[in-house]
Amino acid sequence: MKHRYKLLTMVLLGLIIISLPAMAAAQHSETAQPAELTEHPSDTKSHGEDTTGHATDAAPTGDHDPTAAHADSGHPELGTLLPLWSCIPFACMLFSIALFPLVAPEFWHHHFGKISAFWAALMSLPFLFVYKWAALHEILHIILADYVPFIILLWALYTVSGGILLRGTLRGTPIVNTVMLIIGTILASWMGTTGAAMLLIRPFLRANSYRKSRTFMVVFFIFLVANIGGSLTPLGDPPLFLGFLHGVSFFWTFNILPHMAMVAVLLLIIYFILDTYFYRKEGVTAPDDGAKEPLRLEGTYNFLFLAGIIGAVLMSGIVDWGEINTLGIHRAIQDWVRDGLLVAMGILSLVATPIQLREDNDFTWFPIIEVGYLFIGIFITMIPCLAILRAGSHGALGFLVNSVVAPVHYFWVTGALSAFLDNAPTYLTFFNTALGSFYSGMTEAQAVPLLMTENAIYLKAISTGAVFFGACSYIGNAPNFMVRSISEEAGTPMPSFFGYILKYSLVFLIPCFVVVTFVFFV
């Protein structure tokens, strides 16, 4: 009951945030805005993109001076001013996620929201004191333009997929599990990694509930369904969708099918070998519950709501309805409409789906509440890191950005940063770096088609790096943490933050990426 009240609070807050554009319409029409609330670099779209996120011919590509980003308002880009140590709260946030569940699990379970708020406040208060309105704008921007769409999409997919129940006799043998992973990997490119992961994780867990060794199964589920599988279309993963908004054609991403296939096949082979080994070692057999019950889906009407979510996301990247200035943050009207549609799809699913069906599906609100509390802290403490990265060669990480020249560099540097930071701005940073390196002085509309053809290997490296390396940590991609939380709630022990990286990512993922490097990028 307590979780239901928390969920209701989150939904009401979401509805209030959705209504902000209407509240700000009058302000927008009068164009009255405090001078201190400067435009965010992603609002000004200095790389040839209009304020709705679509490519234009208005500005040349290339490495621009970020200090000029706020010239009209007198504020420089903060990424050129922030030192690397301003990222310490973000590192502390990650260490908290990694260590508290190990050393103080009870304390963490009851107070993770307070810990997240503490680190967010520790970053925000000095940031606001020093940079004042410019800092306030950065915080508002990451909340309204990044966190709110992120959590609304997650909530909608979690709610709708939780209303789809697979009944019947399904037992997790090595062959059955491998087939389920293949299906999920294929679905991820068309319904998104989050959608595919939320749809399949519960049937996957139930099928293997009788197995003793289940941790590695969920980890490989994260590798394949929640990350690698989203490589083929812009619907699969946020970085590819961002590339689509910047002029990369919808089906161009099929050019990285060989890269995806190689990693997927290697991981599936490794998984099958591991699952077969543990299956025989455990000496267990699928429990005999009497007559086998045929598989059947209940709550199939939720697929309509799922299609509505996918359609709303795709719509937001195709249409151009202008923009609204909300609290100094420029967002496209279609983005607000998309968020409203996602909330509507989730509410319709709640109304249409019987409570008993959700209970039979082991559906609770705790995983989405945990993700909501933790990721607001992650997003806010991540502000200095993203600002420094956005500043490119003019920021504290300029030495790293300037060293990226070959395809192998683009693959590994984009990937390494995407494993811990938001992979969408990381993708965009090196996307623009490539455009500036090869087509300086051209408009984005002129340069992107050339990058897709003449220097496609660089775009392939950026795209695969951003998508593949999202599997390297729990925060590398949106569904990773959700899958972990759902699995733990279902009784499957999951590795700690660093345990996941050390025991699985470094052992299984990184060698696969090394193979991809030598085959495609060297």
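Me: How many helices and strands does the protein have?

Reply: Helices (H or I, at least four residues) and strands (E, at least two) are DSSP runs, numbered from the N terminus. The protein contains 22 helices and 4 strands. This is a predicted model, in which local features need pLDDT of at least 70 and side-chain atom pairs count only at pLDDT 80 or more, while totals for chains, interfaces and linings use all residues. Residues are numbered from 1 along each chain as its sequence is written, and side-chain values use heavy atoms, with hydrogens and water left out.

Me: How should I read the packing of helix H4 against helix H14?

Reply: Two packed helices are described by the angle between their axes and the distance between the axes. Axes are lines fitted to C-alpha atoms, for helices over the stretch in contact, and angles run from 0 to 180 degrees between N-to-C directions. Here the axes of H4 (residues 88-103) and H14 (residues 366-381) come within 8 Å and cross at roughly 155°. H4 is therefore roughly antiparallel to H14, a label for angles over 145 degrees.

Me: Which residues of H4 and H14 make the contact?

Reply: Contact means heavy atoms within 4.5 Å. H4 contributes Pro89, Phe90, Met93 and Ile97, and H14 contributes Leu374, Gly377, Ile378 and Thr381. These residues divide into 6 nonpolar, 2 polar and no charged. In this scheme Ala, Val, Leu, Ile, Met, Phe, Trp, Tyr, Cys and Pro count as nonpolar, Asp, Glu, Lys and Arg as charged, and the others, Gly among them, as polar.

Me: What share of the residues in the protein is buried?

Reply: Buried means under 20% relative accessible area, exposed over 50%, and partly exposed in between (1.4 Å probe, protein chains only). Buried residues make up 56% of the 522 residues.

Me: Is Thr178 buried or exposed?

Reply: Thr178 is buried, because its relative accessible area is 12%. Thr178 belongs to helix H6 (residues 174-191) and touches Leu268, Tyr271 and Phe272, not counting residues up to four places away in sequence.

Me: Where does Pro354 lie?

Reply: Pro354 is in the loop between helix H12 (333-352) and helix H13 (355-360). Its relative accessibility is 43%, so Pro354 counts as partly exposed. The C-alpha atoms of Pro354 and Gly163 are 8.3 Å apart, although 191 residues separate the two along the chain.

Me: How many disulfides are counted?

Reply: A disulfide is a pair of cysteine sulfur atoms within 2.5 Å. By this rule the count is 0. As for individual cysteines, Cys92 is partly exposed at 22% relative accessibility, whereas Cys472 is buried at 7%.

Terms used: Angles under 35 degrees count as roughly parallel, over 145 as roughly antiparallel, 65 to 115 as roughly perpendicular and the rest as oblique.
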